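Thanks for coming. I have one structure to go through today, and I will take it region by region. Please have it open while I talk.

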Amino acid sequence: MGEPMDINGPNTNRATETELTETENELYDRQIRLWGLDSQKRLRTAKVLISGLSGVGAEIAKNIILAGVSAVKLNDHRIVTEEDFCAQFLTPRSAVGKNRAEASVERARALNPMVKISVDKEPLVGKKAEFFAEFDVVVIIGALDSELLRINEICREKGIKFFSGDVWGTFGYCFADLQDHSYFEDVVKHKVVSEPNEKTKTEVVTTTIQKELKFPSYASISQFDVNSPTFQKKLKRTGPAFILLRILQMFRNKHNRDPGYLSRQEDIKELMRLSQELISAPFVPSDMLEYVFSQISPSAAIVGGVLAQEIIKVVTKKEAPHRNVFLFDPETCCGFVETVGVY
């Protein structure tokens, strides 16, 4: 899958990164000790778009800004509502009625003055390929399937790493399309250094292995056949989390909104109807639908933390990324990775 190289040896993939200033070395000292100087240099050059400043979007922004990327653009055309305060900590309570991205920028900048943070208040639907081309990573939160498919296709054409994710109540997910992604893994081995006829002595030798993974597009999610016999067998082991994701996305596609607390009973009935439309067997219990209203802060923190960590792994090319859907199940309060559309 790849060839080993000396961890201290030359690497053309790492040689073009800009040098960190003395201030940056001091600020990111802990991170450099954790994942290495080369990884921090890669982060220092990354430009990231985060579209959708909900609670989970705020969590992602916080984590990658603190990590020390080069620039982050916050995009959102929505306004701040009282519901945002369940999980969105970047917007002050005085910002109700104001644009959500604009209301988030002051606290976002305070997290790390070395990261360039800008705001875009226009809807994604009007954004062309040229807009996305300036980013290394694009993260889309809270969009319809049609927009996710369109933007994902642009990212594939431009070679941009694409992520989507969301949280409904205590349920959440994140998806990654990294196309053809190469990364490095450190392998530790014990090498015998003793002479013949001596007591065996070893020393630890670390080498870096380059590996590659291929990722399918978002269409693998939106067009996945959940009624296939193979997937039906998996459901008994993994539970209905992926089915719930598709039902919630179907609701959003149809109504151009998410289930609302004020219309709770009607929306639960609609979700049940969509469940019956999507899948032949009743794999989503009705009580599970009680968990999908608003965005609950702990779930936003978990899903946003996982997605941000995946962005860091992808930019630094350090460790294997999740392939390709992370799901946080509200019934078990556990997250797991589901491989969808990968053959």
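Predicted model: local features only at pLDDT ≥ 70, side-chain atom pairs only at ≥ 80, totals over all residues.

Is Gln179 buried or exposed? Its relative accessibility is 12%, so Gln179 counts as buried.

Now the aromatic residues. The count of aromatic pairs comes to nine. Take Phe162 and Phe175: their ring centres are 6.4 Å apart and their planes stand at 65 degrees, so this pair is edge-to-face. Phe162 belongs to strand β6, residues 161-168, and Phe175 to strand β7, residues 171-177, so the pair ties together parts that are 13 residues apart in sequence. Both of these phenylalanines are buried.

Another edge-to-face pair is formed by Phe224 and Phe231, with 5.2 Å from centre to centre and 80 degrees between the planes. How do the two partners compare in accessibility? Phe224, at 23% relative accessibility, counts as partly exposed. Phe231, at 3%, counts as buried.

There is also an aromatic cluster, made up of Phe131, Phe132 and Phe135. Over the face of Phe131 lies Lys127, at 4.4 Å from the ring centre.

The pocket is lined by 40 residues, and the closest to its centre are Arg78, Arg100, Gly142, Arg252 and Asp258. Which strand gives the most to this lining? That is β6, with three residues. Strand β5, residues 137-141, also supplies at least two. By class, the lining of the largest pocket has 17 nonpolar, 13 polar and ten charged residues.

How many cavities of 30 Å³ or more does a search of the whole structure find? The search finds one. About 50 Å³ of space lies in the largest cavity. Its lining consists of Phe163, Cys174, Phe175, Ala176, Glu310, His322, Asn324, Val325 and Phe326. Strand β7 provides the largest share of the cavity lining, three residues. Strand β10, residues 325-329, supplies at least two. In terms of class, six lining residues of the largest cavity are nonpolar, two are polar and one is charged.

A cis peptide bond joins Arg323 to Asn324, with omega at about 10 degrees. Asn324 is placed in the loop between α12 and β10. Glu319 is found in that loop too, between α12 and β10. Glu319 is not a glycine, but it has a positive phi of about 75 degrees. At 46% relative accessibility, Glu319 counts as partly exposed.

Just after α12 comes Lys317, with a positive phi of about 60 degrees.

Two distances to finish. Where is Ser146 found? It is in helix α7, residues 145-158. Ser146 counts as partly exposed, at 48% relative accessibility. Between Ser146 and Val193 there are 60 Å in space, C-alpha to C-alpha, and the two are 47 residues apart in sequence.

The other distance involves Pro92, which lies in the loop between β3, residues 71-75, and α5, residues 100-111. Pro92 also counts as partly exposed, with 24% relative accessibility. Pro92 and Val80 are twelve residues apart in sequence, and their C-alpha atoms are 9.3 Å apart in space.

That is the end of the tour. I will take questions now.

Terms used
Residues numbered from 1 in each chain as written. Heavy atoms only, no water. Helix = DSSP H or I, 4+ residues; strand = E, 2+ residues; numbered from the N terminus. Phe/Tyr/Trp six-rings, centres within 6.5 Å; stacked < 30°, edge-to-face > 60°. Buried < 20%, exposed > 50% of the residue type's maximum accessible area, 1.4 Å probe, protein only. Lys NZ or Arg CZ within 6 Å of the ring centre and 35° of its normal. 1 Å grid on protein atoms, 1.4 Å probe; cavity = no way out; pocket = protein on both sides within 12 Å on 5 of 7 lines; lining within 4 Å. Nonpolar A, V, L, I, M, F, W, Y, C, P; charged D, E, K, R; others polar. Points joined across faces, edges and corners; volume = space filled by probe spheres on them.
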